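Please examine the sequence and the structure shown below. The paragraphs that follow lead through them step by step.

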Amino acid sequence: MLRKVAIVAALSLAAFAAQAQAQTPRKGGTIRFTAPYGSSFASLDIHSTNRTQDEIWAKAIHRQLYNWDSVANKPVPELATSVTASPDGKVHTFKLRQDAYFHHGRQMTADDVIYTFTRMMSPKVAYPGSRYARGIKGALAYQKGEAKEIAGLKKIDDFTLEMTFDEKTDPGFGFMNSYLSIYPADEAEKDSFQSKPIGLGPYKFVEYVPGSRMVGERWEKFYKPGKPYADRIVIAIMGEAAARDVAFRNKEIDASVLGPAQYVAYKADAALSKNLLEVAEVFTRNMGMNPTFKPFADKRVRQAINHAIDTDLIIKRLVKDKAFRATSWLPASSPAYDDTLKPYAYDPEKAKALLKEAGYADGFEFEWTTSANESWGQPIVEAVIPMLAKVNIKVKVKPVEGTVLSEVVRKGEYQAYIWSNTTGPDPYEALKCFHSKTPQSQCNYVLYNNPAVDKLLDEANATDDQAKRIGLLKQVNKILLDDAPVWFFNYNKAVMAYQPWLHGLQANATELALQYYEDLWVDDSSPAK
Amino acid sequence: MLSYLARRLIQTIPILLAVAALIFILFSVIPGSFASSLGDDGKSVLDAETMARMNRELGLSDPIYVRFARYVGQLAQFDLGVSFRTRQPVAVVIAERLWPSAQLALASMGFAIFVGVPLGFVAALRPGSLIDTGSMVLAVSGLSLPKFWLGLLLMYLFALKLGWLPSFGYGDGGLKHLLLPAVALGVSPLALLARTTRAAVLEILDADFVRTARSKGMSETRVVRWHLARNALVIVLTTVGLQFGSVIGQAVVVEKLFSWPGLGSLLIDSVSLRDLPVVQGAILTIVMIFLVINLTVDALCAAIDPRIKYT
């Protein structure tokens, strides 16, 4: 079934891309995009925030060394014309673009890249991007104040940079994140930069009305000739799905990310259903089980839970089919996804037998920590409770805020939790969360420990043979399915409704709301001037 | 009067300090931190090392009494601290939200006063009539309607169906964008004002001095203008004052729904991001506004009604 879904999705995306290319982009007009994940942006210093909501505006103003290529499904060099790696994979030489200009008119050079990564490792300020910059040789010494500069960042000339890492590294997956955007060294330290960001992106910052909108205008010296197409971009901050729905139907916004209820309504509408972009995103919704809670230490109990829940029914009725059934950890859009894997069948009798085998024929009770999220929170938990009750497992619900959920899970202060975790785009990074050496506070939330998985992951990391690497990761994914450290619920199907005059949307599996705006354009039927 | 006002102003200081202490303690004991909020979407969860560094940098790893002493020390210097997320002074972050909040509060209260007070007056002058029953049904409905639902209804009707107004946003801060959120927010105080005015006028209508004025042959217009209106105004003003402060606090839902850049939406986002300096600053600001409005109302009441003496 999922194979069919993947094929249909791939064909739809190809058709979508071909259709977009077949039309001649119009220059001018205004793109009216939305930021749906909250009622404000956290900061205008994108280095300080890794939230998706902030990445939405950052894609207009800033650029990084790499971009995500939605068609090739991998990161590609963006501010570099070429990147060459040494045979051991530790030294990467970036030939930088010579046509990239910051919005104050100065050309980008290697000094700006060095400045950016040095800022990221500031001894005074903790930036989220330091997670990726930390691997650069000498970065930690600089952060600890033991060195005056980062030894692994070497300027060869104005447009050539050599970056040396402590270990073999593929920097693309980390360096494509907006919170590693390249800053102008001469401007970023000024106080004004915090309220008027200057970047290399396709749109130049015009204004920010906190809690309402950000506006950008076309940067004429953007390095891609002829782009961006639109004169202006307005990013409206709209955290309320119902308000977005009215605004979209009223043609006040050009695109809107849909929730399950709206997805059903839009699909049922003859006009609206024509312009829906659906993508299998790299997020896996799951119920993590803490092995320090005795029943969950037993694999048979975890398998029993997977058998006891009618996952397909929940996806159909509650998630309104805005998700794909999970068949292990890696999602359908992952290069290491294994379409031969079969999900756990709904089989309460088998679940009872497994529980009996494990010594829990009379069941047990556990506490389930959950946020209020409609797609992977309390409504799902409430639907599961009667299903688990049928196999004598009782659930005590512990509702918490999203912010609290991430904290209690990382501290291991839970018996079970339900969450949506990123499972891509790099399949190795996604599966590394199950390496026994990965701390719980990092992402091994379920304290998974399997020497066979450790060995396979180490081999995958060591090899340069991509096919072999993928094969090893597929084996890990298969073992995980059998070990059932989590209840494999679903992979998110992100859906964006767009107006008929908006073109060039990219089917970004890492996060559909993140678009490279320079490729978007509006035809003259747009009501916005 | 002046000494009374000065005394009231001085009394606000312990109130503000108590509120500050309460907010501080509340947000120190509830779980979650700014660092953990950066990973709540499950996409890019911060690594443990960065989280620990962030907590140290923001002073969150210090013992609670150290943090409290630091906070009180800052307040004593009229310093609200620095926002965790924007790294700007909290005063700057709040200042840019004040005008939109004031616009929304003024517009919604203007709507409530100009519709609610006459409605209550007319209803009281014709008790039991169709207009009385109708206006009180409206008033009760207005008090019962959830703001979120009413806001959506207004959007649907005036933006989507009639196309008269934009459904969301701040625009250039003009009336066009202000109308719908102001009505959504103003309906509840309107209903309360209508009911309060009606009750006050009905009570005054039965008073001896009104009967005396009428028996002396005073025209009905003069009775209404000189006796009813002036006496009812004190009660109405007190209600307006209380509602004005509440409206700023209640604007959270409406601001979020209409993407209106006021204090309410700042507060709700700051709570979910655990941007504690901004939460503390925003709540203190709202409390301060509330206190100032009440003080102003007291002064106005004394000016209107000579029987009210403040010593």
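Which residue is the bridge partner of Val91(A) in E7(A)? The bridge partner is Thr164(A). As with everything described here, the pairing is read from a predicted model.

The two strands are part of an open sheet of four strands in chain A, which has the order E4-E5-E7-E6 and antiparallel pairing. At its edges stand strand E4 (80–85) and strand E6 (153–157) of chain A; each has a single partner strand, so one side of each lacks a neighbour in the sheet. From one strand to the next, the twist averages 20°. Helix H3 (residues 110–120) of chain A packs on this sheet and touches E5, E6 and E7 of chain A. The direction of helix H3 of chain A makes about 175° with that of E6(A).

Chain A also contains an open sheet of four strands in the order E1-E10-E9-E8, and here the pairing is mixed. The edges are formed by strand E1 (30–35) and strand E8 (203–209) of chain A, each of which has a single partner strand, so that one side of each is left without a neighbour in the sheet. The twist in this sheet averages 20° from one strand to the next. Strand E9 (residues 213–218) and strand E10 (residues 232–237) of chain A, by contrast, pair in the antiparallel sense over five bridges; in E10(A), Ile235(A) is the residue opposite Met214(A). Although E1(A) stands at an edge of the sheet, five of its six residues are buried, so E1(A) is largely enclosed by the rest of the structure.

A helix accompanies this sheet as well. Helix H2 (residues 52–61) of chain A lies across E1, E8, E9 and E10 of chain A and runs at about 170° to E10(A). Is H2(A) largely enclosed by the rest of the structure or left open? H2(A) is largely enclosed, because 10 of its 10 residues are buried.

Setting aside residues up to four places away in sequence, Trp57(A) touches Ala35(A), Phe41(A), Met214(A) and Ile235(A). The largest nonpolar core has 226 residues, and Trp57(A) is one of those that touch the most other members, as are Ile233(A), Ile235(A), Met496(A), Leu193(B) and Ala282(B). In soluble globular proteins, nonpolar side chains tend to be buried together.

Elsewhere in chain A, Arg244(A) lies in helix H7 (residues 241–249). Arg244(A) counts as buried because it has 26 C-beta neighbours inside 10 Å, where 20 or more are required. Beyond its neighbours within four places in sequence, Arg244(A) is in contact with Thr34(A), Pro36(A), Met238(A), Ile253(A) and Ser256(A).

Attention now turns to chain B, which has 12 helices and zero strands. Of its 311 residues, 41% count as buried. The C-alpha atoms of chain B fill a box of roughly 85 × 55 × 30 Å along the principal axes. One pair of helices, H10(B) and H11(B), packs at an angle of about 80°, with axes 7 Å apart; the two are therefore roughly perpendicular to each other. At their contact, residues including Ile248(B) and Val252(B) in H10(B) meet residues including Leu263(B) and Leu267(B) in H11(B). By class, this contact has six nonpolar, two polar and two charged residues.

Finally, the two chains meet: 49 residues of chain B are in contact with 55 residues of chain A. Helix H10 (220–257) and helix H11 (263–272) of chain B are among the helices that each supply at least two residues of the side of chain B that touches chain A. That side has 20 nonpolar, 15 polar and 14 charged residues.

Definitions and conventions. Residues numbered from 1 in each chain as written. Chains lettered and ligands numbered in written order. Predicted model: local features only at pLDDT ≥ 70, side-chain atom pairs only at ≥ 80, totals over all residues. Buried ≥ 20, exposed ≤ 12 C-beta atoms within 10 Å, placed from the backbone. Contact = placed C-beta atoms within 7 Å. Nonpolar A, V, L, I, M, F, W, Y, C, P; charged D, E, K, R; others polar. Pairing = 2+ DSSP bridges. Axes fitted to C-alpha atoms, helices over the stretch in contact; angles between N-to-C directions. Core = buried A, V, L, I, M, F, W, Y, C linked by C-beta atoms within 7 Å. Parallel < 35°, antiparallel > 145°, perpendicular 65-115°, else oblique.
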